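Biologist: I'd like to learn how to read a structure like this one. Could you walk me through it, feature by feature?

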Amino acid sequence: MQFVFTFIFMIGAELLSDGYEVTLENDGRDNTLIEVIDTGNGDSILSLDITFVYSAHYHSCEYHDGYLYVIRRIDYDGYPDENWSDQLWRYSHEGTGVELFSHKGLDFRVSGDNSHIAVVSRDSLWVLGSEGGILGTFETEQLSSVRIGFDVVLQPLEWSSNGLSFWGSLLQVPGPINLFRLDINSMNPVIYDISSLEILDEYVLQADSRMLTYSDYPAMHCYDELLEYQASGDTCHLFLYYLDEGRTELLAISSAREFKPVWISPDTLEFEDDMTGGRIRISI
């Protein structure tokens, strides 16, 4: 294998959807202003004021080809009762909203062409059509090749670029124990047991090329712990794992430093490089 290196010293903004940045501004009550910005020219292409947006969620919205998808938390007052719901809504540019799905504690990912939506809870996966109809339902036991415990959590990852397969993981602290690929045409999950990799906190999937990059950089729980670890000078490793082949390669080494890997394309990976003090790209 040959690696081609390109040096980069600027990190782009984190995007919730390809080519767009989504910002949320809450008024301190029930209203949230959501704005979608075209990162190519900086223009605002959508601006909607929506009530009861679950803005505290790490992945509360997505934007795809003219449609904004939003998680709304309805009737939640902070008390541990059953009188509330999380709802997934889709909004057009005109502000017309349609409820697509409702379940407590949901997360979601939308395919790039808006044709399918994956919705997950802690232990269930639903595949929806574009209008919210349920096409398939899966429990965690159907998405794992081994017996799992009650502490395993279903985590959505991403759709392939052609929208024909959805990827997710089963997470058991501190990291994932397996990945799964759900092919939409067959609705049959393909399961990848990655428990032997002992992945901790830093990993990124490339759905199209079916590769996983991960490191042995440990999870940090407070700032003092981070400072202590950085001062230790411990060696960290960045790996590449070929999911179909079950093969691992070492990509880079750092001294107690995160790699923060990002897939730029199916065969191009960007990460923090300890030697240069900046980010580099490698072609795989």
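Modeller: Let's begin with burial: a residue is buried under 20% relative accessible area, exposed over 50%, and partly exposed in between (1.4 Å probe, protein chains only). Take Asp 86, which is buried with a relative accessible area of 0%. Before we go on, this is a predicted model, where local features need pLDDT of at least 70, side-chain atom pairs count only at pLDDT 80 or more, and totals for chains, interfaces and linings use all residues. Residues are numbered from 1 along each chain as its sequence is written, and side-chain values use heavy atoms, with hydrogens and water left out.

Biologist: Which residue does Asp 86 meet in a salt bridge?

Modeller: The general idea is that side chains of opposite charge can pair when their charged atoms come close. The rule here asks for a side-chain nitrogen of Lys or Arg within 4 Å of a carboxyl oxygen of Asp or Glu. Asp 86 meets Arg 73 this way, at 2.7 Å from N to O. Asp 86 sits in strand 7 (residues 85-91) and Arg 73 in strand 6 (residues 67-74), so the bridge ties together parts 13 residues apart in sequence. Strands are DSSP runs of E, at least two residues long, numbered from the N terminus. Arg 73 is buried too, at 17%.

Biologist: How many salt bridges are there by that rule?

Modeller: The count comes to 14. Another one pairs Arg 90 with Glu 131, their closest N and O atoms being 3.2 Å apart. That pair links distant parts of the chain, 41 residues apart: Arg 90 is in strand 7, while Glu 131 is in the loop between strand 11 and strand 12 (134-139). Arg 90 is buried at 10%, whereas Glu 131 counts as exposed at 55%.

Biologist: And which residues do salt bridges with shared partners join into one network?

Modeller: Start with Glu 270 and Arg 281, whose side chains meet at 2.8 Å, N to O. Glu 270 belongs to strand 22 (residues 268-272) and Arg 281 to strand 23 (residues 279-283), so parts eleven residues apart in sequence are tied together. Glu 270 is buried at 7%, and Arg 281 is partly exposed at 30%. Shared partners then join Arg 257, Glu 270, Glu 272, Asp 274, Arg 279 and Arg 281 into one network.

Biologist: Now the greasy parts. Which residues touch the most other members of the largest nonpolar core?

Modeller: A nonpolar core is a set of buried Ala, Val, Leu, Ile, Met, Phe, Trp, Tyr and Cys residues joined through side-chain atoms within 4.5 Å. The largest has 17 residues, and Leu 125, Phe 138 and Leu 154 touch the most other members. Strands 10, 11, 13, 14 and 15 each supply at least two residues, with the largest share, three residues, coming from strand 15. Apart from it lies another core of 16 residues, among them Tyr 229, Phe 259, Trp 263 and Ile 280.

Biologist: Last one: in what order do the four strands of the open sheet run?

Modeller: In general, strands of a sheet pair through backbone hydrogen bonds, either parallel or antiparallel. Two strands count as paired if DSSP finds at least two bridges between them. Here the order is 17-18-19-20, with antiparallel pairing. Strand 17 (203-206) and strand 20 (247-255) are the edges, each pairing on one side only. Eight bridges join strand 19 (residues 235-242) to strand 20, and His 237 stands opposite Ile 253 in strand 20.
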